[in-house]
Amino acid sequence: MRRKAGLVLLALAVFFAALSPLLRWYAFPRLAKVPANQYQDMVLEAKDATLLDYGTMQARTVPEVTIVQTLKGNVEESDRIEKTAGRDVVVWDGLSYVQGPDGRMVSKVSERYIFDAHTQEPVHATGEAVDGDPVRRQGIEFKWPFLTEKRDYEYFDAQTRTSAPIHYRDTRTFRGLKVYYFEQTVPWTRVAFPKVMPVEGVTPESVAGTGTTRWYTTVRRFWVEPVTGAPVYGEEIHREELRGGTLLGGRAKVTAFAGHVKMREDYIEHTVALVKSNRTLVLLLTSYLPWGFLALAALLLALALWLEARGRRPAGPAPAPAADPEPVTA
């Protein structure tokens, strides 16, 4: 019986030892994916911001500018692209909607972002665009890859339609989570006017006809939870200017928008809670279960060897036979 039990334990030890790397290197890339139907929104605010009044063409300080960002998974487009891409693809239809303190629209820019569901690498396909203009992204946007590393990444900037390094600065603690802090500075760059302008009847073409150009710079900051690759907090020090042309009435430039844009507190709390739960699921596949199965395999192997050793232990000396009783004599 001991020998049979030892063989069973040995077989289980081999099974769990083989299952450990399979979970990490085979199951994890296939199970840890961004859902194709994911929907999320985010509200950011810039307090005491500078905003251009298009009626007077004068910059003024306003109590608050609100930016609402939405990302909606397009399952139909994901299925279409996957047929030729040969991998799981996520298509996000995004919208960045900026409004002033009176609720009026300041700008509205749409975006279609196509990427690999596991690695977050961009997938180039028809429909990849920013504000209706076709683009070909390089690098990441919105989300870092699972198991983010302490290094620089290429990050796509939707305003300039270009990619540049976003630099890893240090490791910090944010709301009880260990996070990697990344920062990117986009220098003053001439950018296109949005297709939808805040003044009715005014188009990008009509503004361009005046000779006025739009310029933009920002300092972009992200606090990224490295296991999931999800930013738990982000902010930008954002500035836009209109320069030159007859629209400015002889002025060299005027501020169109300037503010320190930060995530709203309720969205920070929701994001941190969501990332904490997803972090546990990723750690199950990359750490907890693989290392747990290895430890279990070592324990089962030790038990199998112990039973085998006991089964081979030599038996003690046999007891001496009982002596025949002496005959009784009278």
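A residue is classed as buried under 20% relative accessible area, as exposed over 50%, and as partly exposed in between. This cut-off is applied below to a predicted model.

The fold contains an open sheet of twelve strands in the order E6-E5-E4-E3-E2-E1-E12-E11-E10-E9-E8-E7, with antiparallel pairing. Strands E6 (133–134) and E7 (153–157) form the edges; each has a single partner strand, so one side of each lacks a neighbour in the sheet. Strand E9 (residues 177–191) runs antiparallel to strand E10 (residues 213–225), and the two are joined by ten bridges. Within this pair, Val191 has Arg214 of E10 as its bridge partner. Helix H2 (residues 75–85) packs on the sheet through contacts with strands E2, E3 and E4, its direction making about 140° with that of E3. Helix H4 (residues 265–312) also packs on the sheet, touching E1, E8, E9, E10, E11 and E12.

The count of salt bridges comes to 28. In helix H2, Glu77 and Arg80 are three residues apart, a separation of about one helical turn, and their side chains meet in a salt bridge (2.7 Å, N to O). Arg80 is partly exposed, with a relative accessible area of 39%, whereas Glu77, at 18%, is buried. Both residues belong to a network of salt bridges that also links Asp93 and Arg112.

Arg137 and Glu128 form a further salt bridge, with the closest N and O atoms 3.5 Å apart. Arg137 is buried at 0% relative accessible area, and Glu128 is buried at 4%. Asp133 forms a salt bridge with Arg161 at 3.2 Å, linking strand E6 to the loop between E7 and E8 across 28 residues. Asp133 is partly exposed at 26%, as is Arg161 at 24%.

Conventions:
Residues are numbered from 1 along each chain as its sequence is written. This is a predicted model: local features need pLDDT of at least 70, side-chain atom pairs count only at pLDDT 80 or more; totals for chains, interfaces and linings use all residues. Side-chain values use heavy atoms; hydrogens and water are left out. Two strands pair if DSSP finds at least two bridges between them. Helices (H or I, at least four residues) and strands (E, at least two) are DSSP runs, numbered from the N terminus. Contact means heavy atoms within 4.5 Å. Axes are lines fitted to C-alpha atoms, for helices over the stretch in contact, and angles run from 0 to 180 degrees between N-to-C directions. A salt bridge is a side-chain nitrogen of Lys or Arg within 4 Å of a carboxyl oxygen of Asp or Glu. Buried means under 20% relative accessible area, exposed over 50%, partly exposed in between (1.4 Å probe, protein chains only).
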